[in-house]
Amino acid sequence: LSSQAVENRREKLASMCDERARMLQDQFYVSMNHIQSMSILISTFHHGMTPSAIDQMTFARYTERTAFERPLTIGVAYAVRVLHADREQFEKQQGWSIKSMDTLEQIEVRKGQYNPEAVDPSPIQEEYAPVIFAQDTVAHVISLDMLSGKEDRENVLCSRASGKGVLTAPFRLLKSNRLGVILTFAVYKRVLPSNATSTERIEAVNGYLGGIFDIESLVEKLLQQLASKQTILVNVYDTTNVSNPISMYGSNVTDDRLLHVSALNFGDPHRRHEMNCRFKQKP
Ligand code: WA2
C-alpha cells in the first residue's frame with residue numbers, strides 16, 4: 001500500500017469512528033437531560049403536592065409514553081429516602097416491605113427468576129432507598145432497597161452529595177443480567193444553591209431518580225442505523241481506571257489492525273469512556 005493509501009484509510013477510519021462516537025454521545029446527552037427533567041417532575045408533582053399527584057400507574061404510563069425522549073435507556077425508576085424511624089409506617093402505607101438486594105435470593109434474581117415474595121425484608125439500617133416508581137420495563141426493582149446493592153449504593157450516595165448526574169461503571173443488571181450503567185439524579189426537598197455543601201445536600205434529599213442504560217443492545221441498535229456496519233468493528237470502554245478498562249460494547253480484539261480511538265463524554269466528570277474502531281477487512 002502506498003503511503004497515500006494508508007493515510008486515506010486512516011482518515012476514513014477516524015471520520016467513521018468520530019461520527020459514531022458523536023452519535024452515541026448525543027443520544028446519551030439527550031437521555032440524560034430528560035432524566036434530569038424527570039427528577040424535577042418528581043419533586044414538583046410527588047413531593048411538592050399533598051396528596052401526591054403521582055402513583056405507580058401514572059409513572060408507568062408517563063414513562064412509557066416519553067420513552068422516545070430517552071433513546072439509550074431501557075427504563076427509569078425512582079427510589080425514595082426512608083429513615084428507619086419511618087419504616088413501619090412507610091411499609092404499611094405501601095402495602096409491601098422493603099427488600100434487600102443483598103440476599104441469597106439475589107442469585108435467583110440474577111438468573112432471571114425473580115419472585116418478590118421469596119425475598120426477605122431487608123435487615124435494619126439507619127435509612128433505606130426503596131424503589132417506589134418504575135417504568136414497566138424495570139418494574140421488578142419496585143420495593144428493592146437501592147442502598148443494599150454495591151453499585152446502586154455508591155451511585156445513590158454520590159448523586160445526593162454532589163447534586164449532579166452520577167454514572168455507575170458498567171455492571172450486570174438484575175433479572176436481565178445484561179451489561180448496563182445507571183445514571184442518577186438526586187431529588188431535593190428544596191431548590192439548593194449551586195454552591196451548597198454535600199452535608200446540606202444529604203440533609204435535604206428526598207430520593208433518587210435513575211435511568212437504566214442497556215449499553216450492549218442500545219449501541220448495537222444505534223450502529224445498525226448506519227450503513228457501513230459491515231465495515232468497522234466498534235468497541236466501547238469505561239476507561240475510568242486506565243489500567244483496567246471495562247468493556248461496555250463489542251467483542252475482544254487483540255491484533256495489530258489499524259486502530260482509531262474517539263473520545264466519548266457521558267457528562268459525568270468522574271468517569272471516562274472511549275470508542276475504539278478498526279476496519280474488519282485488512283487492506
Ligand atoms: N434498576 C434496574 N435494574 C437494576 C438496578 C436498578 N437500579 N440495579 C441493578 N439492576 C432507582 O439510581 C436510582 C435503579 C436505581 C435507581
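Contact is taken here to mean heavy atoms within 4.5 Å. The model under review is predicted.

1. Packing of helix H7. The buried residues of H7 pack against H1, S1, strand S9 (179-188), strand S10 (205-214), S11 and S12. Within H7, the buried positions are Ile215, Leu218, Val219, Leu222 and Leu223. Viewed down the axis of H7, these buried residues fall within an arc of 135 degrees, so they line one face of the helix.

2. The four-stranded sheet. Four strands form an open sheet in the order S12-S11-S14-S13, and their pairing is antiparallel. At the edges stand strand S12 (246-249) and strand S13 (259-264); each has a single partner strand, so one side of each is left without a neighbour in the sheet. From one strand to the next, the twist averages 30 degrees.

3. Strand S11 and its partners. Strand S11 (residues 232-238) pairs with strand S14 (residues 273-279) in the antiparallel sense, over seven bridges. Ile232 has Phe279 as its bridge partner in S14, and Asp238 stands opposite His273 in S14. The pairing of S11 with S12 is also antiparallel and runs over three bridges; here Asp238 has Ile246 of S12 as its bridge partner.

4. Five aromatic pairs are found in a search of the whole structure. One of these joins Tyr78 and Phe133, which are stacked at 6.2 Å centre to centre with 25 degrees between the planes. Tyr78 belongs to strand S1 (residues 73-80) and Phe133 to strand S5 (residues 131-134), so the pair ties together parts that are 55 residues apart in sequence. Both Tyr78 and Phe133 are buried.

5. Other ring interactions. Phe90 and Trp96 form an edge-to-face pair, with centres 5.6 Å apart and 80 degrees between the planes. Phe90 has a relative accessible area of 10% and is buried. Ring pairs also link Phe28, Phe213 and Phe266 into a cluster.

6. Surroundings of Lys189. Where does Lys189 lie? The residue is in the loop between S9 and helix H6 (198-203). Apart from its neighbours within four places in sequence, Lys189 is in contact with Glu203, Ala204, Val205 and Asn206. The C-alpha atoms of Lys189 and Lys99 are separated by 25 Å, the two residues being 90 residues apart along the chain.

How values were computed. Residues are numbered from 1 along each chain as its sequence is written. This is a predicted model: local features need pLDDT of at least 70, side-chain atom pairs count only at pLDDT 80 or more; totals for chains, interfaces and linings use all residues. Side-chain values use heavy atoms; hydrogens and water are left out. Rings of Phe, Tyr and Trp (its six-membered ring) pair if their centres lie within 6.5 Å; planes under 30 degrees apart count as stacked, over 60 as edge-to-face and the rest as tilted. Helices (H or I, at least four residues) and strands (E, at least two) are DSSP runs, numbered from the N terminus. Buried means under 20% relative accessible area, exposed over 50%, partly exposed in between (1.4 Å probe, protein chains only). Two strands pair if DSSP finds at least two bridges between them. Axes are lines fitted to C-alpha atoms, for helices over the stretch in contact, and angles run from 0 to 180 degrees between N-to-C directions. The arc is that of the directions from the helix axis to the C-beta atoms.
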